[in-house]
Amino acid sequence: MKDIDARTTAPELVTIALAKLTPKISEFCPQFLWRPSEFVVRDSSWVDLSSVPNPMQPYFYHECLHPGSRKNSKTPVFKPKQFLLFVVVPESQWQEYENIKRAMSTTDTERSVSDHCRNPPLRSVSPPPTASSFNTSAAQRPISHDIALTSDERASSNTRSLFLCTSSNNSEANEIDTNAQATSRKRSHQRSTSVSSATTHSPPSKKTIGTIGTPGRDRVKEALQVGGAANVDIGRVLQTKLESIVFYPIPTIRLEEILDDTDKRAFGLDQERSFNGQLRFDTSSDSLLGVGGFKTAHVAHLLLQPTAPTGLGSLPRHTIVLKRPYFVGESTTNRVYKRYVLAQELPILFREANVLYWAKSLLKMTYEFIDHAICHATDLSTPDWITDIPRLRFVEAGLALVYASTSKGASTSSTGSVSGTYLLEEKIDAKFTKFIHNVQYSSCLKPDNDGFHITQFLVFTQHVQYIKTDGLAYISDYQGSTTLLTDPQILTHPSVGGGTDIFSEGNVEIGVEHFEQEHVCNRYCSWPGFGLKPFERADISEHVV
C-alpha cells in the first residue's frame, strides 16, 4: 500500500493491515469461519504491533528521519521509506482450518468414488511418463498441480469420457476412445474422477487422543450440581437491548479544510459516510462504566454492515462505550437519574459530537505544527524530551441514530423513524486521569506523578492553539489515558460567540480572555525550535522542568 502517513500509530497500522488483508484471507477459504479479531499484525522484526510500549506514537516515523546533509547540522531530514507488515493467523485457528480442509478433501474423495461406480469410464492411453513426473516432490512442483478442476472443467471432462489408465496390461492400454480429443500435457496433472486417481489419495491424518482417565467422583458430582442447577438469568436477558442504528463517525479534519470549506465548519450527519448496523448493550447497572457530570457510560457492542475500514466498527462485535446525557430528578430518598426526551437528547449529543470534531482538528493542527518545527529547527540541538514528545489523540467516536422497527401506539415512534440517539466512543482500558480541569491553566498533577510530563505537554498545546488561532480558541478539560483523550471542551474568546451560547455549556469564554495573564510557560513552550512568544507573568511561578 502506498501513501500511508509516516505519523500513523501502531493501532492505526493494525487497522489498515487488517482491513486490507482480512477480505483476501476470507477469499482463500470461504468455507472456513475466520476470526479476524484473533489475527496478529507484526512488522519485519516480528514485533506485535498491538503490544508496543508507546502505541500512540508514530510507529515508523523515526526510521524515516536521516542526518541532514548540511555541514554541522543536527536537524534530521525526513525521507519516505517502505516497510513490511504481516497479518499472522494464530496457530490454533490455522489448525482448525487444516482440519476442515482435510474433512472437505475426504468428502470430495468419497464423492469421486461414488461417481465412478455409477459411470464406469472408458480407458485411454496415458502419456509416456517422464523422469520429472515421477521424481518431482510436492514442494518442487508448481502450485497448479494441487488445484482441483473447477465445476466447468469437470463437466467438460466427463462429457469427453477421457481418463488416464494406470493398468500395466498392454492390451488394455491399447484400447483408445476414438471420439476423445487429445489431452494436452498441461491438463494431465489435474485430478481425474477415475477410481485409480481417487484411491491414490492418502487417508486423512487422525488426531492423537490422550489417555482418558477417571476424573473422580467428587469432581463429577460438583459439575453435575452446578450444571443441573443452572438457569437463564431472566433479568439480564430482559435488560439487554438490540437496536438497529445508522452510525455517523466523527472524522479528523485538518483545520485548513474546515476554514476553506463551509460544509465542514461543523460535524454533520453525512449520509455518504454513514454505516448501517446494530448496537447491543446491557441497560443494567452491571454494564455501567461510570457517571460523569451529565452523562452515563455503558459498555456496548457495535456491529456494522459492512465493517468500517478504520475506527469504530472496524472489528466484528466491536466493544465500545455508549454515552447518554441525564438530569437528576427530584427524590426524597436517593439520587435519581432521568433521561431526556428525544427532542432534547439529540441536540445535546450533537453538540458533544461537534466539540469532539473541533478538538480532533485542533489537536491535529498542534501536532502538525510540532512536527514541522522539529524538522525545520536548523542548527539547534534536539533534547530527548523533544524527540520523545507524548503522542495522544482523541478517541474514535460517532453519533448513532436508532430507528424504530415496530410501532406500538401514538406515544412511540413510528416504524422507520428515529426513536433514540447515542454517542459512541472508543473504549479506554487504561487508567483514567484528569490532566487539566476546565478553565484551569496548570496541571492537575504534581511533579512527582508519572503523568506530570503529559500534563505539561498538554498545557503547551493550549499555548500553540491560542497562538495559531490568533487568541480565539483552545482545547480545555483534557482527560483520559496517557494515549487516548475524551470529553474535551472548546473554549472561545467572547468576541467569537458575541453573547450567544456556542459549542457547549462548558465553553467558559473568560478562560480565553485571561489566557495570556494566567498561562504559565514550561520547557516545551520555551524550546527555541517552536518559536513561541512567552507571556509575562512576574507574579506567579510554577515548577518548570
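## The largest cavity

Glu352, Val355, Leu356, Leu423, Glu425, Asp487 and Pro488 line the largest cavity of this predicted model. On a 1 Å grid over the protein atoms alone, a cavity is a set of points where a 1.4 Å probe fits but cannot get out, and lining residues have an atom within 4 Å of a point. The space in the largest cavity is about 50 Å³, where a volume is the space filled by probe spheres set on the points, which are joined across faces, edges and corners. One cavity of 30 Å³ or more is found in the whole structure.

Helix 10 (342–375) and strand 16 (418–426) each contribute at least two lining residues, and helix 10 gives the most, with three. Helices (H or I, at least four residues) and strands (E, at least two) are DSSP runs, numbered from the N terminus. The lining has four nonpolar, no polar and three charged residues; Val, Leu and Pro are among those counted as nonpolar, and Asp and Glu among the charged.

Valine 459 lies in helix 12 (residues 452–468). Valine 459 counts as buried because its relative accessibility is 1%, buried being under 20% relative accessible area with a 1.4 Å probe, protein chains only.

Leaving aside residues up to four places away in sequence, valine 459 touches Ile436, Tyr441, Ser442, Ser443, His519, Val520 and Asn522; contact means heavy atoms within 4.5 Å. Tyrosine 441 is 18 residues from valine 459 in sequence, and their C-alpha atoms are 7.1 Å apart in space.

## Basis of the values

Residues are numbered from 1 along each chain as its sequence is written, and side-chain values use heavy atoms, without hydrogens and water. In this predicted model, local features need pLDDT of at least 70 and side-chain atom pairs count only at pLDDT 80 or more, whereas totals for chains, interfaces and linings use all residues.

Technical notes. Buried < 20%, exposed > 50% of the residue type's maximum accessible area, 1.4 Å probe, protein only. 1 Å grid on protein atoms, 1.4 Å probe; cavity = no way out; pocket = protein on both sides within 12 Å on 5 of 7 lines; lining within 4 Å.
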